[in-house]
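Here are a few friendly notes to read alongside the model. Have a look at the fold first, then go through the points in order.

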Amino acid sequence: MTITLHKNDLPDGLDFGDSVAVDTETLGLSLTRDPLCLVQLSAGDGDAYLVQMDRSSYDCPNLKALLGNPEVQKIFHFARFDVAMVQKYLGVSMTPVYCTKIASKLVRTYTDRHGLKDLTRELIGKDMSKQQQSSDWGADQLSQAQQAYAASDVLYLHQLRDKLNMMLAREGRMALAQACFDFLPTRCALDLAGWAETDIFAHA
Ligand code: MN
């Protein structure tokens, strides 16, 4: 496993294949308050690339080209947050997307534990540390522990997607999951436009 940290953008010429695992780290969990600090990527081969944002410009043409490439599936855990952050700070609307949390909720109906740590333990048998989850992602120098934590959030998403797809197919819920993934950019646009807490499908 190799973790590579890049400042401001990905280098030229990196190829992630037809699907890339993506996660973001921010200064907090508020879409209106907290800036995007770090974007993590993996091709599912055990290696991770971390891109530390230049928060004065968010100028990162290579990263934007990858995330905006319609030929590349972007895999997330809780895509709703990352897709909205990337929409807001990088101006890129990411499609197509896959969300392991939505897939889990649609198929692991025997539990209410849909966190990445729970999923990874059950479906892959690996234990993830969440120790650095609430650390300072705005720091100029990210510690080794922060980098390892940030990388671990993207390393297993391909494997999780494949396991969840088998379960979705088994239960006949693949089409429902796909429709949810297709709707995600709209759900994120609603979050950013002020309907984050409102279920516009609800009667009241
Ligand atoms: Mn993360």
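How are the donor residues of the manganese ion spaced in sequence?

1. The spacing is D-x1-E-x127-D. Please keep in mind that this is a predicted model. The donors are Asp23 (OD), Glu25 (OE) and Asp153 (OD), which coordinate the manganese ion at 2.0 to 2.1 Å.

2. Asp23 has a relative accessible area of 10%, and Glu25 one of 8%. The cut-off for buried is under 20%, so Asp23 counts as buried, and so does Glu25.

3. Now to the sheet. It is open and mixed in its pairing, with six strands ordered β1-β4-β3-β2-β5-β6. Because β1 (3–7) and β6 (97–99) are at the edges with a single partner strand each, one side of each has no neighbour in the sheet. From one strand to the next, the twist averages 25°.

4. Gln40 has Leu50 in β4 as its bridge partner.

5. Helices pack on this sheet too. Helix α3 (residues 100–107) touches β5 (73–76) and β6, and its direction makes about 50° with that of β6.

6. Helix α5 (residues 144–155) lies across β1, β2 (19–26), β3 and β4, and runs at about 50° to β3. Asp153, one of the manganese donors, falls within the residue range of helix α5.

Note on methods
Residues numbered from 1 in each chain as written. Predicted model: local features only at pLDDT ≥ 70, side-chain atom pairs only at ≥ 80, totals over all residues. Heavy atoms only, no water. Pairing = 2+ DSSP bridges. Helix = DSSP H or I, 4+ residues; strand = E, 2+ residues; numbered from the N terminus. Axes fitted to C-alpha atoms, helices over the stretch in contact; angles between N-to-C directions. Contact = heavy atoms within 4.5 Å. Donors = N, O, S within 2.8 Å, 3.2 Å for Na, K, Ca; no water. Buried < 20%, exposed > 50% of the residue type's maximum accessible area, 1.4 Å probe, protein only.
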